[in-house]
Amino acid sequence: MGTEPLDPVAAMTAYAAPPPRGAAFDAWRTWDGRDDAHGVIAAGILAANARNVQPWRFAVGEHATRIDVYADLTRRQGALDPFDRELYVGLGCALENMVLAARARGHEPGLHLVPDPDRPEHAAVLRLTPGERARSELYDAIPHRRTNRGPFLRLPLPRPLLDEIAALAGHDPGGPALLWHAEEAERDRVARLLVEATEAVIADEGQSLAGHRWYRGTDREIERSRDGMTVDTQGMPPLMSTLGKRLPAPSRRTADRFWLRNTRTVHVATAAAFGMVTVADADDPVERMRGGRLLQRIHLFATARGLAVGHLNMMTVRADRERELGLPPRFGKALEELVGDPGRQALVTFRIGRPARPAGTSPRRPVATVLGTDAG
Ligand SMILES: Cc1cc2nc3c(=O)[nH]c(=O)nc-3n(C[C@H](O)[C@H](O)[C@H](O)COP(=O)(O)O)c2cc1C
């Protein structure tokens with residue numbers, strides 16, 4: 001079933017605001033300047049990652065044929081990600097970009113996910129051997145992909161397009177899979193649960209504080225940290241964004257209320273469909289990284305087709321918090337029911353649709369900052 005856009009480049013760039021000026025956004029402009037291991041890492045750091053904490057470190061070794069990928073455990077989200085689920089999903093997102101970039105730059109990527117419980121921070125090894133240059137539409141979408149927190153147009157997505165996206169998971173029955181909630185009744189159910197989970201997150205002092213820690217209210221803060229959540233990426237109309245940057249930073253409580261209102265009236269209200277990546281064991285770091293690779297692939301594919309993705313993980317965030325604190329598993333149970341298969345578990349959830357306006361660009365720490373010198 002053909003879903004080719006008329007002009008792929010126009011489709012991708014129409015809904016990605018160009019990166020603002022400033023060193024915090026240079027990574028988006030310089031990402032494809034090098035063909036070597038550094039160039040592969042430069043693609044990795046543009047990946048989606050929860051709260052833009054950028055939970056990664058890299059090391060290049062063996063004459064630039066080996067990249068070791070580490071979880072940066074100093075950049076944990078704490079109460080918002082008590083078991084590091086999102087941290088490892090974010091590493092998987094970066095790995096997907098790196099594999100695509102390796103191929104596009106003439107390397108055959110050999111990826112080994114390191115399942116070592118004694119050294120949880122050593123996440124993966126990517127070996128680069130000479131290969132064919134293979135550029136893909138997913139690779140071309142890397143610098144145009146944005147998380148979109150603005151309204152989507154109220155247009156349904158055709159089922160064949162949703163099927164095409166689900167097929168990105170491949171055919172491994174034990175691997176990550178994509179489950180859609182696209183019909184009206186299931187959409188309403190997911191929407192209600194997401195709003196309730198957002199209410200629960202902001203009512204939880206520990207989670208509210210953990211989120212606020214990554215909020216960067218001023219250009220100065222952004223240039224200094226080059227990470228976190230900014231006014232420009234909140235999906236507001238451009239005039240409101242400009243105003244928001246001039247006003248004093250909102251209090252934590254005000255920001256929480258704004259987030260809840262937007263979740264209710266914009267994020268879930270305008271979603272064409274909700275997607276859920278499922279895996280057999282959502283506690284396994286390897287499955288989390290494989291699920292993260294699929295999530296990034298979905299986001300890149302959507303970008304290439306002029307669609308927008310907004311990640312919405314308040315249900316899994318609450319389910320993990322319930323486990324951490326020994327609370328009744330309200331969202332844990334709701335997720336099990338949504339998955340509907342005792343052999344699979346929800347890993348992450350998102351909304352998809354046709355964007356109403358471009359999404360802002362989030363800052364990135366440069367390769368030099370996330371690169372160590374030793375590999376192995
Ligand atoms: C595992 C994971 C969980 C995320 N959860 C949320 C979420 O619940 N709400 C949200 O607005 N964005 C969420 N995001 C999106 C990130 O905040 C976003 O990727 C990051 O800020 C970088 O922005 P970018 O995707 O535009 O590059 C999530 C991303 C990942 C990979």
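**View 1. Contacts of Glu196.** Leaving aside residues up to four places away in sequence, Glu196 touches Arg330 and Phe331 in this predicted model. The side chains of Glu196 and Arg330 are joined by a polar contact of 3.0 Å.

**View 2. Setting of Glu196 in the chain.** Glu196 belongs to helix α7, which spans residues 184-203. Arg318 is 122 residues from Glu196 along the chain, and the C-alpha atoms of the two residues are separated by 10.0 Å.

View 3. The side chain of Thr147 places an N or O atom 2.6 Å from an oxygen atom of the ligand. For Arg149, the distance between a side-chain N or O atom and an oxygen atom of the ligand is 2.7 Å. His311 takes part through its backbone, with an N or O atom 2.9 Å from a nitrogen atom of the ligand. Of the 620 Å² of accessible area that the ligand has on its own, the protein covers 93%.

**View 4. The shell around the ligand.** The ligand is surrounded by 19 residues, of which Arg145, Thr147, Arg149, Asn313 and Arg364 are the closest. Sorted by class, the shell consists of seven nonpolar, six polar and six charged residues. Domain 1 (12-145 + 368-372) and domain 2 (152-355) each supply at least three residues to this shell.

Terms used: Residues numbered from 1 in each chain as written. Predicted model: local features only at pLDDT ≥ 70, side-chain atom pairs only at ≥ 80, totals over all residues. Heavy atoms only, no water. Near = heavy atom within 4 Å. Polar contact = N/O pair within 3.5 Å; in protein donor to acceptor, adjacent residues only side chain to side chain. Areas by Shrake-Rupley, 256 points an atom, 1.4 Å probe, with all protein chains shown as cover. Nonpolar A, V, L, I, M, F, W, Y, C, P; charged D, E, K, R; others polar. Domains from an automatic or database assignment. Helix = DSSP H or I, 4+ residues; strand = E, 2+ residues; numbered from the N terminus. Contact = heavy atoms within 4.5 Å.
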